[in-house]
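Please keep the sequence and the model in view while reading.

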There are 2 protein chains.
Amino acid sequence: MRLVLEYDGARYHGFQRQAGRATIEEELLAGMERILQQKVKISYAGRTDAGVHARWQVINFHTTRDIDPHRFRWALNCVLPQDIVVKRAEIVALDFDARKNAREREYRYYILNRAYPSAFNQRCLLVTRTLDIEGMKEACGYLEGTHEFNSFCKLEEEGTDTVRNLYQCECRKEEDFVILIFRANSFLRHMVRSMVGTIMEVGLGKMAPTGVREILESRDRRRAGATAEARGLFLWDVRY
Amino acid sequence: MRLVLEYDGARYHGFQRQAGRATIEEELLAGMERILQQKVKISYAGRTDAGVHARWQVINFHTTRDIDPHRFRWALNCVLPQDIVVKRAEIVALDFDARKNAREREYRYYILNRAYPSAFNQRCLLVTRTLDIEGMKEACGYLEGTHEFNSFCKLEEEGTDTVRNLYQCECRKEEDFVILIFRANSFLRHMVRSMVGTIMEVGLGKMAPTGVREILESRDRRRAGATAEARGLFLWDVRY
């Protein structure tokens, strides 16, 4: 069966199960096993880090139980905590794999750019200085395309294949929000948040937009901006 | 000085101060007195009940301190809990009174009408059965205008003047939300939520739209629907 999930990651140490820590996977498996009365294993499209949210996370699992997907969604939403929700449940081919079959992932980063925070939405980064949107757009343009993304990933990833195809890297202004949109076949660890941190330096006038191109070409992680806080990041969509 | 506030009411026993209970007023006064280093009294436009939110609550107070409104907003947002935010601060005429001078108040009630809840938004009522929007719109039409609203208020209000002018009573569908909009010069206690509870009965097919007109004409509180949960209600706007 395939499930589409939405979750607020604030209370969790990321999606992936870790001993002794609250994770999305832990809550999900506990709920599923309570309903199915059998152990299950899941495969998931996007590994979200601690504090990262998902608007559209896709997972799949195999079960020998004959259960109606709509009833399963209903039951699971009754037992899950209110910050994790099942949006869809459907029967899929037995060889479907939520991670391996994903053709494209989209992440979005929300920046609230105004003088005061929001009482209703903590899932964004508050920046009170006016951001240079045009500079940020230019910086995004340099990141788009197929590159070695060594400068924009966790140091431990060095040595592995760091070539990724960033189909879209866009900066959009919507009311008081500045939204950064990233679409790629797949992402390196911390790749989105280190790109966000670097684009933010441009927005704050600490770096010229062309600086982003230089960092990309340097293939040196130490030159990129700080990894942006998790609170503004969403796994937005997964396409198959 | 006049302040415009936004707050998530979920954690509070309403706006008005009550001994031994967390209230918006309590938090606000504590923050203001910490910054001003003097006791203050406030007047506020809308008394929101326990669990009710505000997108636009207006308050005013007098102080002998010479303080810049922008700095005051900034400082107050630093000391307030994250579910209470000051959106605006401005110097106003000494005789301005946020409650007495308010010409019009607008409340909105948010119903999420789909098969599953939201992980991101608990400030709405989830209704999984499909609502009859046309019936709800018809019911709203009967409530609009100047009436004695005895049927739609707390019983303890009986005997007081219950005539109110409901300038607008509208039911709107926006994506998965059904939004009820109420504008009036002022409202009786529990008036919005008892109207919502009654309109919901129409939406769920438990009452004919014309039933709302009959309840209004009966001037009998016991005939109206149950008071709707506070979680979906917002003080949306105040006009002067």
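The text that follows treats the domains, the chain interface, selected residues and the salt bridges.

This is a predicted model, in which local features need pLDDT of at least 70, side-chain atom pairs count only at pLDDT 80 or more, and totals for chains, interfaces and linings use all residues. Residues are numbered from 1 along each chain as its sequence is written, chains are lettered from A and ligands numbered from 1 in the order in which they are written, and side-chain values use heavy atoms, with hydrogens and water left out.

## Domains of chain A

Chain A is assigned domain 1 (2-90) and domain 2 (104-239); such bounds come from an automatic or database domain assignment. Taken over C-alpha atoms, the centres of the two domains of chain A lie 27 Å apart. Contact, meaning heavy atoms within 4.5 Å, involves 15 residues of domain 1 and 14 residues of domain 2 of chain A. The two domains of chain A bury about 1,200 Å² between them, with 51% of it on carbon and sulfur atoms. Buried area is the accessible area (1.4 Å probe) that two parts lose on being put together, summed over both.

Between these domains of chain A there are 3 salt bridges, a salt bridge being a side-chain nitrogen of Lys or Arg within 4 Å of a carboxyl oxygen of Asp or Glu. There are also 9 residue pairs in polar contact between domain 1 and domain 2 of chain A (both residues at pLDDT 80 or more). A polar contact is a pair of N or O atoms within 3.5 Å; within protein, one must be able to donate a hydrogen and the other to accept it, and residues adjacent in sequence count only if both atoms are side-chain atoms.

## The interface of chains A and B

Chain B and chain A each bring 26 residues to their contact. The area buried between chain B and chain A is about 1,900 Å², and carbon and sulfur atoms give 62% of it. On the chain B side, B:Tyr116, B:Ala119 and B:Phe120 lose the most area to chain A, together 33% of what that side buries. The count of salt bridges between chain B and chain A is 0, while 6 residue pairs are in polar contact across this interface (both at pLDDT 80 or more).

## Two buried residues

A:His53 is found in strand S3 (residues 53-61) of chain A; strands (E, at least two residues) and helices (H or I, at least four) are DSSP runs, numbered from the N terminus. With a relative accessible area of 1%, A:His53 is buried. Buried means under 20% relative accessible area, exposed over 50%, and partly exposed in between (1.4 Å probe, protein chains only). Leaving aside neighbours within four places in sequence, the contacts of A:His53 include A:Tyr7, A:Arg123, A:Leu233 and B:Phe120. The side chain of A:His53 also reaches the backbone nitrogen of A:Gly9 at 2.8 Å.

A:Met32 has its place in helix H1 (residues 24-36) of chain A and is buried at 0% relative accessibility. Beyond its neighbours within four places in sequence, A:Met32 is in contact with residues including A:Leu3, A:Ile59, A:Phe61 and A:Phe72.

## Positive phi angles

A:Arg219 is not a glycine, yet has a positive phi of about 50°. Its location is the loop between helix H5 (209-218) and strand S10 (233-239) of chain A, where A:Arg219 is partly exposed at 41% relative accessible area. B:Gln37, likewise a residue other than glycine, has a phi near 55°. B:Gln37 lies in the loop between helix H1 (24-36) and strand S2 (42-44) of chain B and is exposed at 60% relative accessibility.

## Salt bridges

A search of the whole structure finds 36 salt bridges over all chains. Three of them are set out below.

| Pair | N to O distance |
|---|---|
| A:Arg193 and A:Asp49 | 3.6 Å |
| A:Asp176 and A:Arg114 | 3.1 Å |
| B:Glu148 and B:Arg219 | 2.7 Å |

In the last pair, B:Glu148 in strand S7 (residues 145-148) and B:Arg219 in the loop between helix H5 (209-218) and strand S10 (233-239) of chain B are 71 residues apart. B:Glu148 is partly exposed at 33% relative accessible area, and B:Arg219 is partly exposed at 41%. Salt bridges that share partners join A:Glu104, A:Glu106, A:Arg108, A:Arg183, A:Asp237 and A:Arg239 into one network.
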